[in-house]
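Thanks for asking me to look this over. Here is the model, with my notes below it.

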Protein chains: 4
Amino acid sequence: MTKLSNDYIQEIVKECRPFASSGSVIDHIPGKDQSHLTKLGITVISNDGEVYSAGDDDYVFSLQSISKVINLLIALEDFGEDTVFQKVDKEPTDDFFNSISNLEDYEHQKPYNPMLNSGAIAVASLIKGTTVDERFHRVLEFVRTITGNEKVDMDEGVYKAEVKNGARNRSLAYFMESLGILPHQELEAALDLYFRVNSIMVTSHELAEIGCFLARQGKKEGKQMIDPRHVGTTLAIMMTSGMYNESGSYAVDVGFPMKSGVSGGITGVVTGRMGIGLIGPAINKKGNSIAGGKALRKLSQDLNLTLFHT
Amino acid sequence: MTKLSNDYIQEIVKECRPFASSGSVIDHIPGKDQSHLTKLGITVISNDGEVYSAGDDDYVFSLQSISKVINLLIALEDFGEDTVFQKVDKEPTDDFFNSISNLEDYEHQKPYNPMLNSGAIAVASLIKGTTVDERFHRVLEFVRTITGNEKVDMDEGVYKAEVKNGARNRSLAYFMESLGILPHQELEAALDLYFRVNSIMVTSHELAEIGCFLARQGKKEGKQMIDPRHVGTTLAIMMTSGMYNESGSYAVDVGFPMKSGVSGGITGVVTGRMGIGLIGPAINKKGNSIAGGKALRKLSQDLNLTLFHT
Amino acid sequence: MTKLSNDYIQEIVKECRPFASSGSVIDHIPGKDQSHLTKLGITVISNDGEVYSAGDDDYVFSLQSISKVINLLIALEDFGEDTVFQKVDKEPTDDFFNSISNLEDYEHQKPYNPMLNSGAIAVASLIKGTTVDERFHRVLEFVRTITGNEKVDMDEGVYKAEVKNGARNRSLAYFMESLGILPHQELEAALDLYFRVNSIMVTSHELAEIGCFLARQGKKEGKQMIDPRHVGTTLAIMMTSGMYNESGSYAVDVGFPMKSGVSGGITGVVTGRMGIGLIGPAINKKGNSIAGGKALRKLSQDLNLTLFHT
Amino acid sequence: MTKLSNDYIQEIVKECRPFASSGSVIDHIPGKDQSHLTKLGITVISNDGEVYSAGDDDYVFSLQSISKVINLLIALEDFGEDTVFQKVDKEPTDDFFNSISNLEDYEHQKPYNPMLNSGAIAVASLIKGTTVDERFHRVLEFVRTITGNEKVDMDEGVYKAEVKNGARNRSLAYFMESLGILPHQELEAALDLYFRVNSIMVTSHELAEIGCFLARQGKKEGKQMIDPRHVGTTLAIMMTSGMYNESGSYAVDVGFPMKSGVSGGITGVVTGRMGIGLIGPAINKKGNSIAGGKALRKLSQDLNLTLFHT
């Protein structure tokens, strides 16, 4: 079997980079444009702390939807499963990540899962703190701790762009207010918090650290920061819904929990073995990094990472 | 940690049986009625061949949707992944198992996955053989071999009821003909084969054997009967879509691949460890066994079977 | 054939009132509650100015969705058909009046018609004026003129309740912003104007005057206030979409253009013959007055008012 | 105002023919291909029997969906409104004519209206007769009588093509069986009858005669063949749903009841004044004749035919 090494990761980068050109870079994020099409950075951190990294692993980008994992972990700690899953279900959906139609389903009346924008906004309303600022700093501090990088911070320009282009998310939030999921007084705070956490800047190193934190069942430097049960719940949801409406294909082809963001990042988690961070800003129509997806498939096959084989 | 034993399984049966009363038994299947509400049988077979069994484990019922797993394995062997996934996707959906609406989605135009009725009928058209009879006997022989029970057979009465109540499935099939997925000359054969395999009669023992066959990556008595890659593909699809539109909750609460049928059966697969067969004919609105679901949650927790914890 | 008279209208009121008890009164509107269940007021004004009226014709209620007709007439005058129908289509839909799903239809991307809440909010953005106040007063002045009642005014309490319960409409507005239909800077103004016009208070007399104004093709006291072509367009849309997703039944049973509101009002228009105003606050699930609907059916049959018979 | 004359109709043909080139001719109908793109025939028959005709008014084509009007009239006579509207609703929809999704709406559970394929198949099951042959000949005889043309007949080739391309309609029929709308024993007969009536061959003359028959409220040569109430019901449904999901635009632009078919025919009805028959085989994506639609708009404007103006 293939052995993990910097050379091996370098090889993957070289092999997968060409696939990016068929996608496109989200252009409402400041500082990102089509010139970044061919960037690809990969970092793998094994559970025993070895780091393997290559390519554009210093390329800085915003968390975007990977924030949904962070918020879910904290909300589960803050309020517990019962309260969280009263507001949002755990079921995968065939709808796009920013879909509103399923909220109108007259029987269901809540977001299908916390990996959809609607579900993530509902989850953001369940992070404790007296002000948005306080709540955001709790989240930011958590990200700094689990990534081991005290310099991680939000980008003001990205945040402003999030707010400016936030009409669709605002529509989702008001719809949830009308369903009784999101109290009126929580609406602006939940949206603001959601936009801010989306705007936290990272590289593939931080994504790998996040993945590794989950692969270690919520432990950082020996300290249990998140209840392993909540980590398990989050990983199961990432398994069925983490890659938007491509989650099923990724379950077959890659076979472990992952979460992607429209900035082109992906965090992968192989419980007990490793965390994987990828960045490839050229995404396909479903919102997933094209080169990143290729690289994950390759890594899973070469290193036999799928949960569905022995 | 809890240790597997007949007594332990007996305890689970006793604990979970009471939950069944809130469901109902599908009544279009001959010989099944509400008097079977409280039946519950559980069989676990470990990868090294130990059998633990209790409750109504001699209760005979039809495979129903668990047939979808069998057909998918054979179709993958017969035609390979490319051909199979040209006709049917691998994505989970929030729709009910017998839904037709998503076929009308003008971009998608194929069933979301092989665990839906539509997808399963498409898959049934990809089982080789010159006649339906020949094709069915290949499937039956396969089931007999992997369950190690030469007496497994189809029930004529159940089959006739399937045909008689087949309007919805026929509607799905004709819709797929109109989309070009199901050739006109294959339509009746695919439906007939689908109805017949649904009507194969088993107990929780056979379901556990099927689960164990998959947990051993497609090996029976040392012989590799199905390519491990096809087993992995099937397990990944069971993980995201095996429990209909409750698959997400089961991923969180149970955490390994399963497949249910409306007769109340469930097959569970813990790769490398065990296969689980359950029968509890009282099902909920989404088509899953209520007592069976309870028992699976308990087993997963007690024996730490989830893929998302260490 | 039956002849119009106060006695005849009185008879209709008596006959139709009992049907109301199966519905319910919208209770988010201040001053309205289930004690109003059995109210029914009917006023008919013939094109030559005769007034026939009976029952609770002095019962005061808010325009609610009947405002959609008023706003459409003014927007057509202010911007013309091309601009208006770039933002909103003219097609009937089977969806509920406050539906958002159809906005997500990836081909369509605009409200189906101006009688839906979404369409009406889009139309409200096309009423000229530098401030919401100025725009509202243009609309109010128009209503005062065509009803011949200078005392018609908005109710502050109803308006506040509209704003307070406005989450669903706000969700529709932001979704339309995300589609590019409603510019961000127009959004709050359009919503505010929409809520205000909904809160204009009337009786069955004013509704009959509005109907009569349209039956006279946009003339008031000899003065052509609205282009007859715009009146025709509005009437055609009322014909196919005026009674929400019961419009088809009303076309068959009543057979002329109508518009209803959730406060229980209906305006009917028999071009060249008469305007009809009804109020019956007990509405059914689709949002239409139950007793009002009965009365319209009776009037149409007795007086042979349908457009589809000679 | 413009006066009806052969010259005037000739002028309309000349003016509207060029618009056809943007559409396409349905090619599953034998004998029809893109070479017929520019054909346009128009016939108008006034209520007092004057005939005005021009263009390709001898071009022979199949009734296709215009058959839905014929079948509805006969079913209403055979079983009455209550029975017919238990099987099919009267509401317009935004869905395409061959849509199945709305049948899956768990509250509604029947076709929205008789102008959809689903609704028309349900209606075809309500035409009396002991055999399909007998039922078809009743319909054919009716068409011959109301068009005054004893030679009108079905085309065997078109019928065979209808059957061969019938998968979508068969899917609709089986779905309705599963809903309990279409009894199993009626299914094949209803489909067969539907296909046959679709295959009756006509020219614009026959379409104008059908329109005129309805404009005279169901009278032919002084004989009341259809209850005027059933004619009214049919016209109201044509008004809200006769032009598929363009019915709303046609209500605004043309303003009287019409019905189109995918072969490019349209029948228009101006109650008390005239029947209009058009054929222009180039249709748009929604299934309506492009040149025919242009011609109707022109006729309505020139002759002031809309019901929504005086």
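The points that follow go from the chains, to the domains, to a few individual residues.

1. A word on conventions before we start. This is a predicted model in which local features need pLDDT of at least 70 and side-chain atom pairs count only at pLDDT 80 or more, while totals for chains, interfaces and linings use all residues. Residues are numbered from 1 along each chain as its sequence is written, and chains are lettered from A and ligands numbered from 1 in the order in which they are written.

2. Let me begin with how chains A and C meet. Twelve residues of chain A are in contact with twelve residues of chain C (contact: C-beta atoms, placed from the backbone, within 7 Å). On the chain A side, the elements giving two or more residues are helix H3 (101-104) and helix H7 (167-179); helices (H or I, at least four residues) and strands (E, at least two) are DSSP runs, numbered from the N terminus. H7(A) gives the most, with eight residues. By class, this side of chain A has four nonpolar, four polar and four charged residues. Here Ala, Val, Leu, Ile, Met, Phe, Trp, Tyr, Cys and Pro count as nonpolar, Asp, Glu, Lys and Arg as charged, and the others, Gly among them, as polar.

3. How are chains A and C related?

4. Two other pairs do not touch. No contact joins chain B and chain C, and their closest C-alpha atoms lie 10 Å apart. For chain A and chain D, also without contact, the nearest C-alpha atoms are 10 Å apart.

5. Within chain A, there is domain 1 (6-64 + 201-303) and domain 2 (66-198), with bounds from an automatic or database domain assignment. Their C-alpha centres lie 21 Å apart, and the contact takes 33 residues from domain 1 and 32 residues from domain 2. On the domain 1 side, strand S5 (201-202), helix H9 (204-215), helix H10 (228-241) and strand S9 (265-270) each give two or more residues. H10(A) has the largest share, seven residues.

6. Glu162(A) sits in helix H6 (residues 156-164) and is buried because 23 other C-beta atoms lie within 10 Å (buried: 20 or more; exposed: 12 or fewer; partly exposed in between, with C-beta atoms placed from the backbone). Beyond residues up to four places away in sequence, Glu162(A) touches Phe195(A), Asn198(A) and Ser199(A).

7. Tyr244(A) lies in the loop between H10 and helix H11 (247-253) of chain A. Is Tyr244(A) buried or exposed? Tyr244(A) counts as buried because it has 24 C-beta neighbours inside 10 Å. Leaving aside neighbours within four places in sequence, its contacts are Phe96(A), Phe97(A), Lys286(A), Gly287(A) and Asn288(A).

8. Finally, in chain C, twelve of the twelve residues of H9(C) are buried. Just after H9(C), Gln217(C) takes a positive phi of about 60°.
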